[in-house]
Amino acid sequence: MKNTAKKEKELEARERALREREQALEKRERELSPFSQAIKIKKEEWYDKVKLTVRQMDVIIWIVYALLAAVIVLIVLEATGVYKLFGP
C-alpha cells in the first residue's frame, strides 16, 4: 500500500515536470521573432514534402549551406586573382 502511494506521488511529480517543460516550450515558441517563425514554417513545409526524418533533413540543409559557403569562397578567391578556376 505504501509503495503504490509513493509511486503515485512520483508519477504526479513527473507529470507536473512534463507540464512545466511543455509550457516553457510553448512560451519560447510564442516569443520567437517573426523571422524565426518564418524559417520554422518553411522548414516544416519542407519536412511535409519530403519523407525524411527531421534529423536527416537538417543534415541535408547543413551540407547545402557548406557547399554554398565553398562556392562563395571560390568566387571571392577567383575575383581577387588568388586562385584561377578555369584557364591561365
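Modeller: The accessible surface of the protein comes to about 8400 Å², and carbon and sulfur atoms account for 64% of that area. Keep in mind that this is a predicted model.

Colleague: What share of the residues is buried?

Modeller: Of the 88 residues in the protein, 3% are buried. To be called buried, a residue needs a relative accessible area under 20%.

Colleague: How do you know whether the protein has the radius of gyration of a compact globule?

Modeller: Set the two values side by side. A compact globule of 88 residues would have a radius of gyration near 12 Å, but the protein has 24 Å. The box filled by its C-alpha atoms, taken along the principal axes, is roughly 85 × 30 × 25 Å.

Colleague: Which elements make up the secondary structure?

Modeller: There are three helices and zero strands, in the order α-α-α from the N terminus on.

Colleague: How do you know that the span of α3 agrees with its number of residues?

Modeller: Helix α3 has 27 residues, so at 1.5 Å a residue it should span 39 Å. The expected span uses one less than the number of residues. The end C-alpha atoms of α3 are 39 Å apart, which agrees. After α3 comes G81, with a positive phi near 85°.

Colleague: Why is the pair of W62 and Y65 called edge-to-face?

Modeller: It is the one aromatic pair in the structure. The ring centres of W62 and Y65 are 5.5 Å apart, and a pair needs centres within 6.5 Å. Their planes stand at 80°, and over 60 degrees counts as edge-to-face, so the pair gets that name.

Colleague: What separates W62 and Y65 along helix α3?

Modeller: They are three residues apart in α3 (residues 54-80), so about one helical turn separates them.

Colleague: Why do W62 and Y65 get their accessibility labels?

Modeller: The cut-off for exposed is over 50%. W62 has 61% relative accessibility, so W62 counts as exposed. Y65 has a relative accessible area of 48%, so Y65 is partly exposed.

Colleague: What makes R21 exposed?

Modeller: R21 is in helix α1 (residues 2-30). Its relative accessibility is 57%, and exposed means over 50%, so R21 counts as exposed. From R21 to S33 is 12 residues in sequence and 21 Å in space, C-alpha to C-alpha.

How values were computed: Residues numbered from 1 in each chain as written. Predicted model: local features only at pLDDT ≥ 70, side-chain atom pairs only at ≥ 80, totals over all residues. Heavy atoms only, no water. Phe/Tyr/Trp six-rings, centres within 6.5 Å; stacked < 30°, edge-to-face > 60°. Helix = DSSP H or I, 4+ residues; strand = E, 2+ residues; numbered from the N terminus. Buried < 20%, exposed > 50% of the residue type's maximum accessible area, 1.4 Å probe, protein only. Rg over C-alpha atoms; globule rule 2.2 N^0.38 Å. Areas by Shrake-Rupley, 256 points an atom, 1.4 Å probe, with all protein chains shown as cover.
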